[in-house]
Amino acid sequence: MPCVMLDVHSTLAAAPAAPHVVRREDYRPPDWLVPDIALDFDLAPGATRVSAKLSVTRNGAHDRPLRLDGDALTPVAVAVDGKAIHDWRSESGQLVIDLPGDAHIVETEVVIAPATNTQLMGLYASGGLLCTQCEAEGFRRITFFPDRPDVLSRYTVRMAADRAAYPVLLANGDNVANGDGIEAGGRHWAQWTDPFPKPSYLFALVAGDLHANRDSFTTMSGRVVELGIWVRAADVAKTAHAMAALKTAMRWDEDVYGREYDLGVFNIVAVDDFNFGAMENKGLNIFNSRYILADPDTATDVDYDGVAGVVAHEYFHNWSGNRVTCRDWFQLSLKEGFTVFRDQCFMADQGSAAVKRIEDVRGLRASQFQEDAGPLAHPIRPESYMEIGNFYTATVYSKGAEVIRMLHTLLGDERFRACTDVYFERHDGEAATCEDFVRAMEDGGDIDLARFRRWYEQAGTPRLKATLRHSNDKTVVTLEQSVPPTPGQPVKQPMLLPVRLALIDRDTGAKRGEQLHVLEDERAELSFSGFATRPVLSINRGFSAPVVVETDRSQADLAFLSAHDDDPFARYEATQQLMLDTLIAAVSAGRGDHAAVVNAVGATLVDPLLDPAFVAEAVLLPSEAFVGDQMLVVDPVSIASARDSLRMALAQAHAAEWQRLYKSHSDRAFEYSPAEKGARRMRNVALGYLAAADEADGARTALAQFEAADNMTDRMGALGTLANGSSTARDVALAAFHDRYRDNALVIDKWFSVQALSTRPDTGDAVAALVRHADFSLTNPNRFRALVGAFSVNQRAFHGSDGQGYALLAEQIVALDPINPQTAAKMVPALGRWRRFDEGRQALMRAALERIVSTPGLSKDVFEQASKSLG
Ligand code: BES
Ligand code: ZN
């Protein structure tokens, strides 16, 4: 192809005065389809030549031109049906070509520079590798293409690179040819073909000096799949856990959903610089190395679970995301909500389902409830966006998963499975919508979901008020719901809430009237009889609906449930509610009555029937942030001191128990199993309480644990306890830890986080010093999140009344934005909570946001988050 040098830079420059808003209602099918694409990459970090050959076909009767998306691309050459053309034009980054007929071959050539791609979207370099990230709109940074998920193509990829630097060349699908060919100077090439048509966001390519942990899996129909997890040579030993999780997940999807893997190859590559957790590219998943690498010396139990959960999640996308993909990005929850639900169920099946549910609900409350209560609230299927990267939110993911879970609850196991069969069979190979999913549920489950659809339309966390009246033989439970106003949605309709409830006889412990009540209207009354005395209400069992529950239950009721409820989640919840009520009373009164909590925790600690993993969760106080979320005005200082004193009371009242629990769960050799994980969790929770009761003694115990530990969970448990205190052991341990792991970036991330999360009064200063530490970096998203992200969720430190925390966050966001706008934008919502604080903090937080918005050249990612946060 002849060369036509032209300057067609799409802007990365100033945030447009009025950035373009994309609306769901404006969806139109694509004007042109691309059934086939052949890509040819001449790879080198400084300059990679990308040649693309697209077969394009007109979609429907229209005379509109072909529009190919491009972002920061300069075409070197354009040809149609084999002939160079010059009459193409460029319109806001798009390459526009008028085409006469209905089917053509369009060829383009561009040169891109992976080495300077700090955004980590498109083709970029990470630790000597070349790799891609295309979801949501990264493919347009590689080549010109209709970069939207409803254009599905068959991909053929040829790539050539220097053999010494890039001995391994991977892409989607099957490796069909390799060779040294005609390329001189030590170059080699590989060709890959993916037989499954896919949207551009699932394209992937990796080149580098990688080594594989190889294994295989035989599917339920007897096909053998070659599995490979590709990492640096030195890291191969850390991939066993990920490989085991992958095989377990593959079997699970066959057993539970009847879905088997469809290609002959499934590869995973771990990279160090990655904006997200991992990415489900067809046949070639690319992972943040923190979700692949694990061994006892460097990964905690939480890390091990994270690896298994994310490996499963990305694998499950092969059906919920790849075989059935999204029509447009407003449908993101179609694949993400469903797939999160699938990975949650998978993990629940691998260990304690009760503890898993507690963790998931805790996560939902910490991030999604906050989002729903603030300026960035949106439904799980948003109506508009400026930058789609900002809509990979807790709402789309976690609330989206709760919505699928409610469908599962309403339908039951078997009918839900029948419905997912309908969904997968009906839409296989298509780009579908959330509405398609709901209709498959209706058709397969013979259920009317008209009201249920409101979960896709309305933002805001519903409040459910439950009151109980009892007289003579009659008990009446009244349920009332309301949905708070959210930006753009002042008035709400009632939601369909599946509410699991039961009544428990206080004297006999007998449970009656257990049911799933489907609340469809604002209010309902449920009548029961047969209780001699007022029974105790157990409500939203298993957290059956993602709502905030308000009840008239007394301290005695909650204490009773905390000791006797047979639903483990409800039991946990009763204890938490008791703690929350106590903390809120203490914040408003200045001092609290700790007796009820002390007794409930005491009873939980000595209950021989309880799983230690459950006990460890149940005796933990709600986080300071969660207490703040329950208050009209968040007072971080009072919350911190109320929580510290309740913690102290628990530590002292049960000192002997903490000692006993600590000892009885010590001196065990490391094993990654539900029982041993539970034991380590209990041990480290006990250690925290020991240190709260007696700092010096606790620090000695912690240092001993730190030094003797044969695993990272115990090492970090000890370091976390030490980091909150002011013993000399703290400095010793922090220095030893850094020294030991100086060459392991994932562990050094922990070293940053543990300091950023410290409860010490000087944490703000410590973080201000750490952003200048030689190991801090703006170019590695893990490192940035480990320090700045962790600090922004440390309520007492971040919300110091002098505003130092806000200024630091604004400064870091502004510094990161030109390097990696997507990661920078993720940090903005911490400042968006300003309405929840007192006037002084409000002013300081707004000033920080204004400083961000007024920065010249701001990305639209950060601009959208900051301007919406200011409201
Ligand atoms: N498809 C996403 C990856 C992604 C996230 C692409 C954001 C573009 C923008 C992937 O399937 C995903 O959801 N990853 C999660 C982890 C998962 C276990 C929830 C992530 O990266 O955080
Ligand atoms: Zn996902």
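Asp-446 is placed in the loop between helix H6 (434-445) and helix H7 (454-457), and the structure to which this loop belongs is a predicted model. Although Asp-446 is not a glycine, its phi is positive, at about 50 degrees, and with a relative accessibility of 73% the residue counts as exposed.

**Backbone geometry in loops**

- Ala-72, placed in the loop between strand E4 (66-68) and strand E5 (75-80), is a residue other than glycine that has a positive phi, near 60 degrees.
- With its relative accessibility of 33%, Ala-72 counts as partly exposed, whereas Asp-446 counts as exposed at 73%.
- A cis peptide bond, with omega near -5 degrees, leads from Glu-135 to Ala-136, and Ala-136 has its place in the loop between strand E11 (129-133) and strand E12 (153-162).

**The loop between H17 and H18**

- Asn-724 is found in the loop between helix H17 (712-723) and helix H18 (728-740), and Ser-727 likewise has its place in the loop between H17 and H18.
- Is Ser-727 buried or exposed? Ser-727 has a relative accessible area of 17%, and because the limit for a buried residue is under 20%, Ser-727 counts as buried.
- Asn-724, for its part, has a relative accessible area of 36% and is partly exposed.
- Taken from C-alpha to C-alpha, Asn-724 and Asp-69 are 50 Å apart in space, while 655 residues separate them in sequence.
- Ser-727 and Gly-513 are separated by 214 residues in sequence, and their C-alpha atoms are 54 Å apart in space.

- Which residues come nearest to ligand 1? Of the 15 residues around this ligand, they are Glu-135, Gly-277, Glu-280, Glu-314 and Tyr-397.
- Two or more residues of the shell around ligand 1 are given by each of strand E20 (278-279), helix H2 (301-316) and helix H3 (332-350), and H2 provides the largest share, with three residues.
- By residue class, the shell around ligand 1 consists of six nonpolar, four polar and five charged residues.

**The zinc site (ligand 2)**

- What are the protein donors of the zinc ion (ligand 2)? They are His-313 (NE2), His-317 (NE2), Glu-336 (OE) and Glu-336 (OE), which lie 1.9 to 2.7 Å from the ion.
- The site of the zinc ion (ligand 2) is irregular, the angles among its six donor atoms running from 54 to 162 degrees.
- Along the chain, the donors of the zinc ion (ligand 2) follow the spacing H-x3-H-x18-E.
- His-317 lies in the loop between H2 and strand E22 (325-326), while Glu-336 lies in helix H3, so this pair ties together parts that are 19 residues apart in sequence.
- Both His-317 and Glu-336 are buried.

Note on methods: Residues are numbered from 1 along each chain as its sequence is written. Chains are lettered from A and ligands numbered from 1 in the order in which they are written. This is a predicted model: local features need pLDDT of at least 70, side-chain atom pairs count only at pLDDT 80 or more; totals for chains, interfaces and linings use all residues. Side-chain values use heavy atoms; hydrogens and water are left out. A residue is near a molecule or strand if one of its heavy atoms lies within 4 Å of it. Helices (H or I, at least four residues) and strands (E, at least two) are DSSP runs, numbered from the N terminus. Ala, Val, Leu, Ile, Met, Phe, Trp, Tyr, Cys and Pro count as nonpolar, Asp, Glu, Lys and Arg as charged, and the others, Gly among them, as polar. Donors are N, O and S atoms within 2.8 Å of the metal (3.2 Å for Na, K and Ca); water is not among the atoms, so sites may look incomplete. Four donors count as tetrahedral if all angles lie between 85 and 135 degrees; four count as square planar and six as octahedral if opposite donors are over 155 degrees apart and all others between 65 and 115; anything else is irregular. Buried means under 20% relative accessible area, exposed over 50%, partly exposed in between (1.4 Å probe, protein chains only).
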